[in-house]
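Trainee: I would like to learn how to read a few features from a model. Shall we go one by one?

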Amino acid sequence: MTAHGIHHVTAIAGPARRSRDFYVDLLGLRMVKRTVNFDDPTTYHFYYGDEAGNPGTIITHFPWEHVAPGRLGNGETEETVLRVPEASLGYWMQRFLEKGITHETPKKRFGETVLSFKDPDGMRLALAALPGIEREAGWTGGGVPAEHAVRGIHGVSLLLDDDAATGAVLTDVLGFEQVGREDSLVRFRAPGTSIGGIVDIHAAPGFLPARMGGGSVHHVAFRAADDAEQAEMAEKLVRNHQIMVTEQKNRDYFRSVYFRAPGGTIFEIATDEPGFAVDEPAAELGTSLKLPRFLESRRAGIEAALPPLA
Ligand code: ZN
């Protein structure tokens, strides 16, 4: 069976260096690709993930040095939840205390213990403490011991006026099943996927609309194995949901189509192939600035314009 679920979550961030310091040094993710925004090469595009940058482990940032903060509201991703081993929650609470990261009191959601916190731009993140994942490989490059390392994305919650129409896209097109309800949350799960397999819809009828800015999730990308499956999904969106997708964009590490989900959030369908080792060796991922071929001739000017990271 083809694996479905979340491929990556992309957010708007503030200063590039602050983003890198938080995700690599504090959260211990690997920067698996340092490139530019293909649509605006004066700004970076950072990809954080596990050692190989597997689908379902990737958070990406567009760091804009002088971005205005966003405002959470309907039509937006409310929280992005990362997986950590169940026994590691104490380690993370201690680490947040030492590093001055404020967090909420751990709470239960669908039986799982969840620790919510924010990144320096106000992006809403959480750690879900999950049983049975401690034997999955953890990346140690960032100074977090392997036993406590983040094991990819657990899921996202979407803040929407209504759960029905976006829920129908998740189940009919993107490979999810509705698996539960708790308070104002409806939970969807991609069967057979342990990483990136959860979408919760938080229905808040009449709440303010979101205003995108620093700390806002720009879009959530869902997995398709290859171009053929992506095309099938796009066709189903038109046929069953009257939703058009964009033309396919080559993002070098995956190929993408985009559409606006009924609740207002931007969704992407990204192929699993070819992955992040396509333009640099797996051992060196993220260590140098990679550019798509169409920008390579402008490298000197692009490098000079990007903000310093050191
Ligand atoms: Zn994307």
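Trainee: Is Glu280 buried or exposed?

Mentor: Buried means under 20% relative accessible area, exposed over 50%, partly exposed in between (1.4 Å probe, protein chains only). Glu280 has 7% relative accessibility, so Glu280 counts as buried. Some ground rules. This is a predicted model, where local features need pLDDT of at least 70 and side-chain atom pairs count only at pLDDT 80 or more, while totals for chains, interfaces and linings use all residues. Residues are numbered from 1 along each chain as its sequence is written, and side-chain values use heavy atoms, with hydrogens and water left out.

Trainee: Where is Glu280 found?

Mentor: Glu280 sits in the loop between strand 16 and helix 5 (299-305). Helices (H or I, at least four residues) and strands (E, at least two) are DSSP runs, numbered from the N terminus.

Trainee: Which side chain does Glu280 join in a polar contact?

Mentor: A polar contact is a pair of N or O atoms within 3.5 Å; within protein, one must be able to donate a hydrogen and the other to accept it, and residues adjacent in sequence count only if both atoms are side-chain atoms. The side chain of Glu280 makes one of 2.7 Å with that of Lys33. A polar atom of the Glu280 side chain also lies 3.1 Å from the backbone nitrogen of Gly286.

Trainee: Next, the metal. Which residues coordinate the zinc ion?

Mentor: Donors are N, O and S atoms within 2.8 Å of the metal (3.2 Å for Na, K and Ca); water is not among the atoms, so sites may look incomplete. Here His8 (NE2), His219 (NE2) and Glu268 (OE) coordinate the zinc ion at 1.9 to 2.0 Å. Their spacing in sequence is H-x210-H-x48-E. His219 in strand 13 and Glu268 in strand 16 are 49 residues apart, a pair that links distant parts of the chain. His219 is buried at a relative accessible area of 6%. Glu268 is buried at 1%.

Trainee: Now a helix. Which residues of helix 4 are buried?

Mentor: An α-helix has 3.6 residues a turn, so residues three or four places apart point the same way. In helix 4 the buried residues are Glu229, Gln230, Met233, Ala234, Leu237 and His241. Seen down the axis of helix 4, they fall within an arc of 140 degrees (taken from the directions from the helix axis to the C-beta atoms), so they line one face.

Trainee: What covers the buried residues of helix 4?

Mentor: The cover includes helix 3 (164-172), strand 13 (217-224), strand 15 (255-260) and strand 16 (266-271).

Key. Contact means heavy atoms within 4.5 Å.
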